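Have the structure open and follow along.

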Amino acid sequence: MLGDERPGSVLAFSVFTHMFEHDVVHYLDEIAGLMTEGSKLIFTAFCHDRDVLAQIVEGKALYSMGHVLSGTCRTERPDNPLFAISYDRHWLERQLTERGLVFEFHRGAWTGLGGKMGQDWFVARPAGPGR
């Protein structure tokens with residue numbers, strides 16, 4: 001792969017939106033293990049929280065994510081769950097924090113709550129000294 005080198009950035013656009021929770025956890029473990037001070041992880045995901053679920057109920061979100069797969073995971077299509085998966089936002093944020101990452105969250109336009117990109121997106125980096 002990279003030998004002893006570490007990536008400056010890891011990009012994962014529309015990757016986690018097509019993965020089950022255990023796969024997301026595995027990828028985050030691997031990515032966090034590669035990151036060093038100054039590295040960034042930039043990724044998209046569909047994230048639901050109370051506000052997004054209200055938008056879904058009112059029919060204002062682009063996707064319904066109406067089928068519960070688990071306590072933290074919903075899907076658009078039960079016949080093909082990996083078509084689009086949404087994660088509980090607080091669960092996903094906790095996964096980042098538990099791996100020593102600090103992050104910025106940006107709401108996606110899919111929610112009907114504004115946003116510049118279709119999916120929600122995160123910019124994460126290792127928590128450095130003094131954070």
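Axes here are lines fitted to C-alpha atoms, for helices over the stretch in contact, and angles run from 0 to 180 degrees between N-to-C directions. Helices (H or I, at least four residues) and strands (E, at least two) are DSSP runs, numbered from the N terminus. One caveat before we start: this is a predicted model, where local features need pLDDT of at least 70, side-chain atom pairs count only at pLDDT 80 or more, and totals for chains, interfaces and linings use all residues. Residues are numbered from 1 along each chain as its sequence is written, and side-chain values use heavy atoms, with hydrogens and water left out.

Start with helix α1 (residues 21–34) and α3, whose axes come within 10 Å and cross at roughly 25 degrees. Angles under 35 degrees count as roughly parallel (over 145 is roughly antiparallel, 65 to 115 roughly perpendicular, the rest oblique), so α1 and α3 are roughly parallel to each other. Where they touch (contact means heavy atoms within 4.5 Å), Glu21, Val24, Val25 and Leu28 of α1 meet Trp91, Leu92, Gln95 and Leu96 of α3. Sorted by class, that contact has 6 nonpolar, 1 polar and 1 charged residues; Ala, Val, Leu, Ile, Met, Phe, Trp, Tyr, Cys and Pro count as nonpolar, Asp, Glu, Lys and Arg as charged, and the others, Gly among them, as polar. As for the spacing, an α-helix has 3.6 residues a turn, so residues three or four places apart point the same way.

Now stay with α3. Its buried residues (under 20% relative accessible area; exposed is over 50%, partly exposed in between, with a 1.4 Å probe and protein chains only) are Arg89, Trp91, Leu92, Glu93, Gln95 and Leu96. What covers them includes α1, β2 (40–48), β5 (85–88), β6 (101–106) and β7 (120–126). After the helix comes Gly100, with a positive phi near 75 degrees.

What does Glu93 touch, leaving aside neighbours within four places in sequence? Phe103, Phe105 and Phe122. Glu93 sits in α3 (residues 89–98), and at a relative accessible area of 13% it counts as buried.

Finally, hop over to Tyr63, in the loop between α2 (50–57) and β3 (67–70). Tyr63 is partly exposed, at 23% relative accessibility. Not counting residues up to four places away in sequence, Tyr63 touches Phe46, Ile56, Glu76, Phe83 and Trp110. Its C-alpha atom is separated by 9.7 Å from that of Gly112, 49 residues apart along the chain.
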